[in-house]
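User: Please take a close look at the helix packing in this structure, with the contacts described residue by residue.

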Amino acid sequence: MMESVQTDGKRGENRYFKAPVFAVAPMIDWTDRHYRFFARQLSSHALLYTEMIVADAILRGDREKLLGHDASEHPVALQLGGSDPAKMAEAARIAEGFGYDEINMNVGCPSDRVQSGTFGACLMQEPALVADCIAAMKAAVKIPVTVKCRIGVDDQDPEVALRDLVQRVKDAGTDAVWVHARKAWLKGLSPRENREIPPLDYGLVHRLKAENANLFIGLNGGLQRLDQALSHLDPLSLPTGGTTGTAAEPACGAPLDGVMLGRAAYHDSGLLTAADGYFVHPLTGAEPMPVDRDGFSDHDHKLSLDFWSGIRDAMADYAAAHIENGGRLIHVTRHMVGLFQGWPGARRYRQILSTEATRKDAGPQVIHAAFDAVFEAVTARQAAE
């Protein structure tokens, strides 16, 4: 089920997902198809994003390699990089044919290689061109077309630059805007520094939402925990007891429509297991439903042994198929190291995946061994209590 938030776009009906939405951010070199399969085992309701893929690559390159994905990944969005409206529209059309649920335009990445291609955060300086790209893609596809941006770059005044961009893409018919609530400095800071040094301005994003009640606006940047992310949403949109604190709305504007976690969700991937307890499924509208719990726990993590055994078996089967097709185990397991943070046996789990999985002849039995290290450690602790 797709339920519109925006209803007043000038270029066609808005078709975005029902708020609130929980998303895992697009991350270059990280959110590839293997990570997305893994993340989907942990959360059925999270909206997953690909790495950024350049429009030119889709037009000229191996489309199956670039766009192919497992059917289980849905809901999954493709992030596109580019600034030529015609090329962006054609790439979006091709991606729609591959079954993606959303096309997202990158207006936030500050890396040098992205800037050299005239896309990413540098497009904050060309809002009219961004709007032209959005309008062209909206005319080419039926799935949602969205923007992910910064609040500004370099010496721009975010209060002006962000509002200008959002108004233009809204007029062009964008279905949603995901805002990384930091400036990007195009010169002088590395991509990593641009994720950490520019100060966060969540208040600006909340004020932007108050000014655009009918436009889906989601938040990214600096979100480290699920309870922290939930505080930016309307508590009435969440299950009873959905937040541990108060919503951000009273102090700085309107509650937001979605939250997007990046590296926090990657490095501590276990937090994804809690998302389904708070968010509806973006495509089906299935209601939040916490995973059944049976006491297999380290006191903080109480998911069932059956649940974790299912994750283990799914990843082992997936890895076996990847190896059979010429891949290596490490292509899959490198994304799994962040699971079980803080659990008994987690150190051994990481050691197994970081060493044994790198062997050229490593097979899915390595995944079984890593999970078993945690299962045995948790069982031993419980027996001692």
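Analyst: In this predicted model, helices α14 and α17 run roughly antiparallel to each other, because their axes form an angle of about 165 degrees and angles over 145 degrees count as roughly antiparallel. Helix α14 spans residues 305-324 and helix α17 spans residues 365-384, and their axes lie 9 Å apart. The crossing of this pair is right-handed. On the α14 side, the contact is formed by L305, W308, S309, I311, R312, D313, M315, A316 and A319; on the α17 side, these residues meet I367, H368, F371, D372 and F375. By residue class, the contact of α14 with α17 comprises 9 nonpolar, 2 polar and 3 charged residues.

Helix α17 also packs against helix α16, which covers residues 346-355. Here the angle is about 170 degrees and the axes are 7 Å apart. Helices α16 and α17 are therefore roughly antiparallel as well. From α16, the residues A346, R348, Y349, I352 and L353 take part, and they meet V366, A369, A370, F371, A373 and V374 of α17. This contact divides into 10 nonpolar residues, no polar residues and 1 charged residue. F371 of α17 is listed in the contact with α14 and also in the contact with α16.

A further pair is formed by helix α6 (residues 127-140) and helix α7 (residues 158-172), which pack at an angle of about 25 degrees with their axes 8 Å apart. Since angles under 35 degrees count as roughly parallel, α6 and α7 are therefore roughly parallel to each other. Their crossing is right-handed. Helix α6 contributes P127, A128, V130, A131, I134, A135 and K138, while helix α7 contributes D164, L165, R168, V169 and A172. The residues of the contact of α6 with α7 comprise 9 nonpolar, no polar and 3 charged.

An unreviewed UniProt entry carries the annotation "binding site" for Q79, K148, H180, N220, G221, G222, G262 and R263. From this set, Q79, K148, H180, N220, G221, G222, G262 and R263 belong to the lining of the largest pocket. One of these residues, K148, is located in strand β5, which comprises residues 145-153.

Key. Residues numbered from 1 in each chain as written. Predicted model: local features only at pLDDT ≥ 70, side-chain atom pairs only at ≥ 80, totals over all residues. Heavy atoms only, no water. Axes fitted to C-alpha atoms, helices over the stretch in contact; angles between N-to-C directions. Helix = DSSP H or I, 4+ residues; strand = E, 2+ residues; numbered from the N terminus. Parallel < 35°, antiparallel > 145°, perpendicular 65-115°, else oblique. Left-handed = near helix turned anticlockwise from the far one by under 90°. Contact = heavy atoms within 4.5 Å. Nonpolar A, V, L, I, M, F, W, Y, C, P; charged D, E, K, R; others polar. UniProt positions renumbered as here; feature names shortened; annotations may be inferred. 1 Å grid on protein atoms, 1.4 Å probe; cavity = no way out; pocket = protein on both sides within 12 Å on 5 of 7 lines; lining within 4 Å.
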